[in-house]
Amino acid sequence: MEMVPAWLLTGVVLAGILWATLAPDPFGHREVELPFPNADKVVHAVMFGVLTFTALVDWARGRSLRSVKWYECLLMALVATLIGVVIEYAQRVMDLGRSFDYMDMAADATGAFAVAGIWIAAEHVRFNRKNLHGRE
């Protein structure tokens, strides 16, 4: 993974999210059937959770895999959420058949901050395990 530029994974995920959310017909003329009402909110949460996760992985990789501080995790989640907000407003302004939805923004934030919370908890466990075994 060292040969992959530090922000490439995040860039690829972001490009996919931008395509899926801003393209007028991202899946061609195929109708995507959702398995239950508001399933698109789950999709939003997953997309922005993955964006936050890849940003955290890339951030750690760019810093020689040192621990990511809790406030850096929250910052990554906030940035991902703000990207989601900008996308929703872009959908409104572009008028290409995509809909503006506050609930999509809430789902984006939920996914992003859930991943940040899990990362923070994992870092806490890792730190405590190192200290328990007397390692730095």
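Predicted model: local features only at pLDDT ≥ 70, side-chain atom pairs only at ≥ 80, totals over all residues.
View 1. Residues are numbered from 1 along each chain as its sequence is written, and side-chain values use heavy atoms, with hydrogens and water left out. The largest pocket has a volume of about 600 Å³. It is lined by 22 residues (those with an atom within 4 Å of a point), of which Ala 20, Pro 26, Phe 27, Asp 40 and Arg 98 are the closest to its centre. Two elements, α1 (8–22) and α2 (39–62), each give two or more residues to this lining, and α2 gives the most, with five residues. The lining of the largest pocket holds eight nonpolar, six polar and eight charged residues (Ala, Val, Leu, Ile, Met, Phe, Trp, Tyr, Cys and Pro count as nonpolar, Asp, Glu, Lys and Arg as charged, and the others, Gly among them, as polar).

**View 2. The chain and its helices.** The chain has four helices and zero strands (DSSP runs of H or I with at least four residues, and of E with at least two, respectively). Read from the N terminus, its elements follow the order α-α-α-α. Along the principal axes, the C-alpha atoms of the chain fill a box of roughly 60 × 35 × 25 Å.

**View 3. The packing of α1 and α2.** The axes of these helices (lines fitted to C-alpha atoms over the stretch in contact, with angles from 0 to 180 degrees between N-to-C directions) come within 8 Å and cross at roughly 160°. That makes α1 roughly antiparallel to α2 (an angle over 145 degrees). Their crossing is left-handed (the near helix is turned anticlockwise from the far one by less than a right angle; clockwise is right-handed). In contact (heavy atoms within 4.5 Å) are Leu 8, Leu 9, Thr 10, Val 13, Leu 14, Ile 17 and Thr 21 of α1 with Met 47, Phe 48, Val 50, Leu 51, Thr 54, Ala 55, Asp 58 and Arg 61 of α2. The contact of α1 with α2 comprises 10 nonpolar, three polar and two charged residues.

**View 4. The packing of α1 and α3.** Helix α3 (residues 70–94) packs on α1 at an angle of about 35°, with the axes 10 Å apart. The crossing of α1 and α3 is right-handed. On the α1 side the contact is made by Leu 14, Ile 17, Leu 18, Thr 21 and Leu 22, and on the α3 side by Ile 83, Ile 87, Ala 90, Gln 91 and Met 94. Eight of the residues in the contact of α1 with α3 are nonpolar, two are polar and none is charged.

**View 5. The packing of α2 and α3.** The α2 and α3 axes come within 9 Å and cross at roughly 135°. The crossing of α2 and α3 is right-handed. Residues of α2 that meet α3 include Phe 48, Leu 51, Ala 55 and Trp 59, and those of α3 that meet α2 include Met 76, Ala 80, Ile 83 and Ile 87. The contact of α2 with α3 has 11 nonpolar, three polar and two charged residues.

Definitions and conventions
1 Å grid on protein atoms, 1.4 Å probe; cavity = no way out; pocket = protein on both sides within 12 Å on 5 of 7 lines; lining within 4 Å. Points joined across faces, edges and corners; volume = space filled by probe spheres on them. Parallel < 35°, antiparallel > 145°, perpendicular 65-115°, else oblique.
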